Amino acid sequence: MMIRPLKFTAQNFTTIVNQLSIGIHKFDLNRCDERTFYITINVSYANNSTICDLIFLIDRDELFGAISLNDLYENVQRFFSQHFNYQLLYTDEMQLAKLATTHPSFLESIRIYSQKFSKHSISL
């Protein structure tokens, strides 16, 4: 039986985040429902970028988000692996999502979402 060792880098994710530019790529209200808010972000480093979907569970006391496990997920993992030799952890994804919530386009998208799905109050 062969055991594959886990690779952990010593690099601090905050150091990586400080080198990134996070933007809103697009927001499609039709992808959302009463419990989930989806938004596509652009993650850039130097002249390289990738997109990924963030998913936020709305029916919580606080707004927590992470990268959606869809067809774009491998691309964002590969982006961090290639440029930073780093494997994203769930806590890193949450940090990226939190950073995206400060973008003015995110705030506008949440406002649009709240108008359609007014059942939940969203606090940022």
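Predicted model: local features only at pLDDT ≥ 70, side-chain atom pairs only at ≥ 80, totals over all residues.
Gln77 lies in helix α2, which spans residues 73-84. Is Gln77 buried or exposed? Gln77 has a relative accessible area of 14%. The cut-off for buried is under 20%, so Gln77 counts as buried. Beyond residues up to four places away in sequence, Gln77 touches Gln87, Leu88 and Glu93.

Now turn to the strands. Strand β2 covers residues 36-45 and strand β3 covers residues 48-57. The two pair in the antiparallel sense, over 10 bridges. Within this pairing, Ser44 stands opposite Ser49 of β3. The hairpin of β2 and β3 has 2 residues between the strands. There, Ala46 takes a positive phi near 55°.

β3 has another partner to follow. Strand β4, residues 64-67, pairs with β3 in the antiparallel sense over 4 bridges. Look for Leu54, whose bridge partner in β4 is Ile67. β3 and β4 also form a hairpin, with 6 residues between them.

Go back to β2 and find Ile41. Its relative accessible area is 0%, so Ile41 is buried. Which residues surround it in space? Leaving aside neighbours within four places in sequence, Ile41 is in contact with Ile22, Gly23, Ile24, His25, Thr50, Ile51, Cys52, Leu54 and Ala100. Take Gly23 from that list. Gly23 and Ile41 are 18 residues apart in sequence, yet their C-alpha atoms are 5.6 Å apart in space.

Leaving aside neighbours within four places in sequence, Phe37 is in contact with Phe27, Cys32, Leu54, Ile55, Phe56, Ile58, Phe106, Ser109, Ile110 and Tyr113.

The largest nonpolar core has 32 residues. Which of them touch the most other members? They are Leu20, Phe37, Ile41, Phe56 and Phe80. At least two residues of this core come from each of α1 (13-17), β1 (21-26), β2, β3, α2, α3 (90-100) and α4 (104-116). The largest share is 5 residues, and α2 supplies it. That returns us to the helix where we began, the one that holds Gln77.

Definitions and conventions: Residues numbered from 1 in each chain as written. Heavy atoms only, no water. Buried < 20%, exposed > 50% of the residue type's maximum accessible area, 1.4 Å probe, protein only. Contact = heavy atoms within 4.5 Å. Pairing = 2+ DSSP bridges. Core = buried A, V, L, I, M, F, W, Y, C linked by side-chain atoms within 4.5 Å.
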